[in-house]
Amino acid sequence: MMKNVYRTGFAALLAVTALGAQAQSSVTLFGLVDMSIGSNKAPGGLRQTGVDSGKMTTSYFGLRGSEDLGGGLSAVFRLEGFLQADTGASGRFAGDTLFSRTASVGLSSKSFGTLMLGRNTTPLFISTVSFNPFGDSHGYSPSTRHYFTSGTVTGDSAWNNSALYTSPEFGGFKFGVIGAAAATQSTGAGSSNGSNWGANLGYAGGPLSAALVYQSVKKDETRPVPASVQNDTRTWQLNGAYDFTVAKAFAQYGEVKNTTTDNRYRISELGARVPVGEGAVLAAWGRVAPKTGLDRNTVSLGYDYNLSKRTDVYAVAMRDKVDTLSVGSSYSVGVRHRF
């Protein structure tokens with residue numbers, strides 16, 4: 001009988017220990033799949049019609065986890081990869097790495113903030129997608145397209161070999177800094193790119209939010225070329241948003257200076273998100289005005305309807321005009337599901 005008591009007690013102790021370990025650490029699988037049918041024509045280009053992945057949000061999957069180390073300190077990690085759901089291929093394009101969205105590990109504390117090491121998303125990208133009604137839509141957000149797919153900013157939306165620090169909140173204010181170490185290239189006679197760094201300051205209190213961001217890029221991981229032909233850029237951006245309840249208004253202004261080509265790009269956007277029923281009307285106008293080159297004006301309009309907390313459907317159209325070129329236009333009808 002005593003053996004049974006010991007066995008029962010030992011089993012209970014194992015159960016308590018397992019529950020304690022489970023409560024102190026966690027791993028979560030998450031992601032988003034975005035598919036649509038539509039048509040697009042780039043300025044001066046030919047029209048293409050078909051099924052596309054990631055027009056409103058680039059499809060992705062990921063793992064994130066944390067372990068409670070005690071004293072308010074936690075170990076955290078993120079592994080996130082992009083997905084082309086129309087073909088099942090990984091990455092945003094051919095040759096993109098498996099975890100090109102994020103691959104980092106670090107320490108986090110409510111008192112001291114979070115430090116992540118690895119491949120980290122830049123504060124410039126986070127601010128750009130946070131202060132416009134279309135978010136991180138590479139298909140339809142004017143500012144996301146103008147900063148990251150129009151030949152202005154260099155260095156990609158996330159940096160390899162980087163350290164990212166994000167502060168805790170102080171009365172609505174938060175700040176962050178990011179740095180990416182220089183990387184020697186295999187091409188050229190021992191040539192190497194320089195290092196990248198950036199900083200941001202943000203505020204969120206009541207209906208008002210704002211952010212100021214700066215970054216300097218001397219290594220462009222999307223263009224593996226010798227430093228002698230490297231396009232170095234310096235970017236600053238000011239963002240603001242105000243929620244009037246009946247509508248949320250967004251505004252952005254920034255400048256990108258390419259110190260290699262001595263060109264400067266002024267980038268502006270105004271937008272609004274207007275709740276209607278179980279969804280919202282989305283509208284945005286954006287412009288790129290280079291010192292040398294052609295102006296670009298982009299207007300997007302759409303409606304996003306929530307079927308549930310995790311699933312929405314959308315219909316959106318865009319007019320994209322570059323001076324002297326034929327007008328570009330696109331439209332999509334699609335569905336997003338988060339898991």
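Helix H2, residues 123-130, is largely enclosed by the rest of the structure, because six of its eight residues are buried. Those buried positions of H2 are Pro123, Leu124, Phe125, Ser127, Thr128 and Val129. Please keep in mind that this is a predicted model.

Let us turn to the open spaces. The second largest pocket has a volume of about 250 Å³. Its lining is made of 16 residues, and those closest to the pocket centre are Thr57, Phe134, Gly135, Asp136 and Arg336. Sorted by class, the lining of the second largest pocket holds seven nonpolar, six charged and three polar residues.

Next comes the surface. Which residues make the nonpolar surface patch of about 870 Å²? The patch is built from Phe170, Phe173, Phe175, Trp197, Leu201, Leu212, Tyr214, Trp236 and Leu238. Four strands each supply at least two residues of this nonpolar patch: S9 (173-180), S10 (196-205), S11 (208-217) and S12 (233-243). One of the patch residues, Phe175, has its place in strand S9.

Asp156 is not a glycine, yet its phi is positive, at about 70 degrees. Asp156 sits in the loop that runs between helix H3 (142-148) and strand S8 (158-166). Asn161, also a residue other than glycine, has a positive phi near 50 degrees, and its place is within strand S8. Asn161, in turn, is exposed, because its relative accessible area of 52% is over 50%.

At 77% relative accessibility, Leu46 counts as exposed. How far apart are the C-alpha atoms of Leu46 and Ser326? They are separated by 9.9 Å, while the two residues lie 280 residues apart along the chain.

| Residue | Relative accessible area | Class |
|---|---|---|
| Asn161 | 52% | Exposed |
| Leu46 | 77% | Exposed |

Conventions
Residues numbered from 1 in each chain as written. Predicted model: local features only at pLDDT ≥ 70, side-chain atom pairs only at ≥ 80, totals over all residues. Heavy atoms only, no water. 1 Å grid on protein atoms, 1.4 Å probe; cavity = no way out; pocket = protein on both sides within 12 Å on 5 of 7 lines; lining within 4 Å. Points joined across faces, edges and corners; volume = space filled by probe spheres on them. Nonpolar A, V, L, I, M, F, W, Y, C, P; charged D, E, K, R; others polar. Patch = residues over 30% accessible without salt bridge, like charges linked within 9 Å, V, L, I, M, F, W, Y side chains within 5 Å. Areas by Shrake-Rupley, 256 points an atom, 1.4 Å probe, with all protein chains shown as cover. Salt bridge = Lys/Arg side-chain N within 4 Å of Asp/Glu carboxyl O. Buried < 20%, exposed > 50% of the residue type's maximum accessible area, 1.4 Å probe, protein only.
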